[in-house]
Amino acid sequence: MPSISRDEVAHLAKLARLAVTEDELDLFAGQLDVILQSVATVGDIATADIPPTSHAVPLTNVFREDVVRPSLGQQQALSGAPEAEDGRFRVPRILGEEA
Amino acid sequence: MTNDLIHATAAELAAKIHSGEISSVEVTQAHLDRIAETDGKVNAFLHVDTEGALAQARKVDEDVKAGKVVSPLAGVPLALKDVMTTEGVPTTVGSKILEGWLPPYDATVTRKLKEAGVVILGKTNMDEFAMGSSTENSAYGPTHNPWDLERIPGGSGGGSSAALAAHQAPLAIGTDTGGSIRQPGAVTGTVGVKPTYGGVSRYGLVAFSSSLDQAGPCARTVLDAALLHEIIAGYDEMDSTSINAPVPPVVAAAREGQNGDLSGLRVGVVTQFSGEGYQQGVLRSFEAAVSQLKELGAEIADVSCPSFDYALPAYYLIAPSECSSNLARFDAMRYGLRVGDDGTRSTEEVMSLTREAGFGPEVKRRIMIGTYALSSGYYDAYYGSAQKVRTLITQDFAKAFENFDVLISPTTPTTAFKIGERANDPMAMYKADLCTIPANLAGTPAMSVPSGLSDEDGMPVGLQIMAPALQDHRMYASPRRTRPRVAGLGVRRCEHQEGQGLPRPRRRRGGSRGRVLGLQGRP
């Protein structure tokens, strides 16, 4: 298995929306490398003929009747929001500066 | 009186409350007092809901007077892991990212407890998002093991196990993704059960790894755990992975098993779980437990499950992969923390700054491992292979259960380690879950019961009992007088430590032998 570089960890952090610090990059790069080398041993016994299991209980789609039932009201749904306005979640700008 | 109340079992308390001999308010107040007296040292609770608990207790007392009682545990106090949502009561999951959040709804487990008249004392400490084996990953400081305050109480549910061991509550709820109910139970000398996956609703359980997460009962006796199991279990249409089948008859099994006769029970000892990395005192306690099972009539033989050697690496790919997806919901937009919104930054920047500030190191590590394992180019080698190992583990269980009714092993390779000892070595920490993970991957039920104390350090050791899916009742049951000897010794030990001792509760009549081993007879 390839070892994981500091740059790769920075890329992962970006993908995962984690604004990690330079110090954390140093720490995590070393730790993730050790962890990934260790867990890569799953490849030793996972041969092509074995079907994967994603879930312990064999499940098919679960349906219910399409009927109206009680749910959270608008006020309750917004009760934990960092910011709300006019009955909606207020978010920072979602487009780049040039937009 | 107070000492009697905090030492009684949940079943004893319920009987006295329902007969009118004592009130639920008295029982609740005794436990609130015990928390006030001891939690400065233990740190089992993140939030104590004094008013809510007493209000529920008063309601049960009124029902008793009106003759309208009640479910089997009505009026008995309980400590709820802070991973379950509680309407209007703080739910942090041990994370700064949810600090101050008041959920607008109850988890199904919370709702069932309330409907059953169980008194929720408060919310217990845990590793952040249930990721950890020591409760050191809590953003609110570690919980201390009541047997020795310098040691970990297990994790992620260390708050729940410590609350039981410190006699702050006779009942607790945990959740178990890779061992977070069973390993804390083992290292605190208490009972912890992971039911069959799908046996208890996950609705309102803040998700870590959805294909593995399972809530379950924690207690100081097997019967108390069974009584709690029946209250929280059952089909729930709010959880699409909930099993639509009758709840296994765990209470009947626990009562039946009290006769202590295990004649004909076929018990398999999993050979993978011994050897290097296992503490000698743990193995000796396990051997003693095996001898005891033989004396009680069980037929014991070794069984090899070779794929179990690969359970740990498979778990540490599958769980982080699912967590990297699940924790994407913490986006600083709909609930929880928001950091850095100064009017100039974009949503994406605010999201990244918030997640950086709100998540602790272990959560970040797992999110990144999951992101890596699921990325194209690595998916087959990592996540795909882990899923195949999951198939092999399920097959090994199925083969073993052709010849055995239950399987046993130590619950965890060592007794409680010192706080800080493994904090900077993630792989060493992960090994605490070595024996518990296979049951999560296969979705099968498993239980940890106290098997005595390690002769090296005097700390509790747990015996793990595993059963096939939906056969949870096979694990339940215990010979007479198996009350785990929890705080008696531990609290004495704490007292000897200058300046940090817990007030010692009076020991009850000598019923608390370390003798354990609850197994039901032939299934």
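Contact here means heavy atoms within 4.5 Å. Keep that in mind as you work through this predicted model.

**Exercise 1.** Find how many residues of chain B are in contact with chain A, and how much area is buried between the two chains.

*Solution.* Start with the contacts: 62 residues of chain B touch 57 residues of chain A. Next comes the area, since the size of an interface is often given as the accessible area lost when the parts come together. Between chain B and chain A about 5,100 Å² is buried, and carbon and sulfur atoms give 67% of this. Finally, look at who contributes: Met368(B), Tyr372(B) and Lys388(B) supply 13% of the area that chain B buries against chain A, more than any other three residues.

**Exercise 2.** Count the salt bridges between chain B and chain A, and check the pair Glu348(B) and Arg17(A) against the cut-off.

*Solution.* The count between the chains is 6 salt bridges. For the pair, the N to O distance is 3.9 Å. A salt bridge needs a nitrogen of Lys or Arg within 4 Å of a carboxyl oxygen of Asp or Glu, so Glu348(B) and Arg17(A) qualify.

**Exercise 3.** Describe how helices H11(B) and H14(B) are oriented to each other.

*Solution.* First, read off the geometry: the axes of H11 (residues 311-326) and H14 (residues 380-403) of chain B come within 9 Å and cross at roughly 125°. Therefore H11(B) and H14(B) are oblique to each other. Sorted by type, the residues of the contact divide into 9 nonpolar, 2 polar and 2 charged.

Definitions and conventions:
Residues are numbered from 1 along each chain as its sequence is written. Chains are lettered from A and ligands numbered from 1 in the order in which they are written. This is a predicted model: local features need pLDDT of at least 70, side-chain atom pairs count only at pLDDT 80 or more; totals for chains, interfaces and linings use all residues. Side-chain values use heavy atoms; hydrogens and water are left out. Axes are lines fitted to C-alpha atoms, for helices over the stretch in contact, and angles run from 0 to 180 degrees between N-to-C directions. Helices (H or I, at least four residues) and strands (E, at least two) are DSSP runs, numbered from the N terminus. Angles under 35 degrees count as roughly parallel, over 145 as roughly antiparallel, 65 to 115 as roughly perpendicular and the rest as oblique. Ala, Val, Leu, Ile, Met, Phe, Trp, Tyr, Cys and Pro count as nonpolar, Asp, Glu, Lys and Arg as charged, and the others, Gly among them, as polar. Buried area is the accessible area (1.4 Å probe) that two parts lose on being put together, summed over both. A salt bridge is a side-chain nitrogen of Lys or Arg within 4 Å of a carboxyl oxygen of Asp or Glu.
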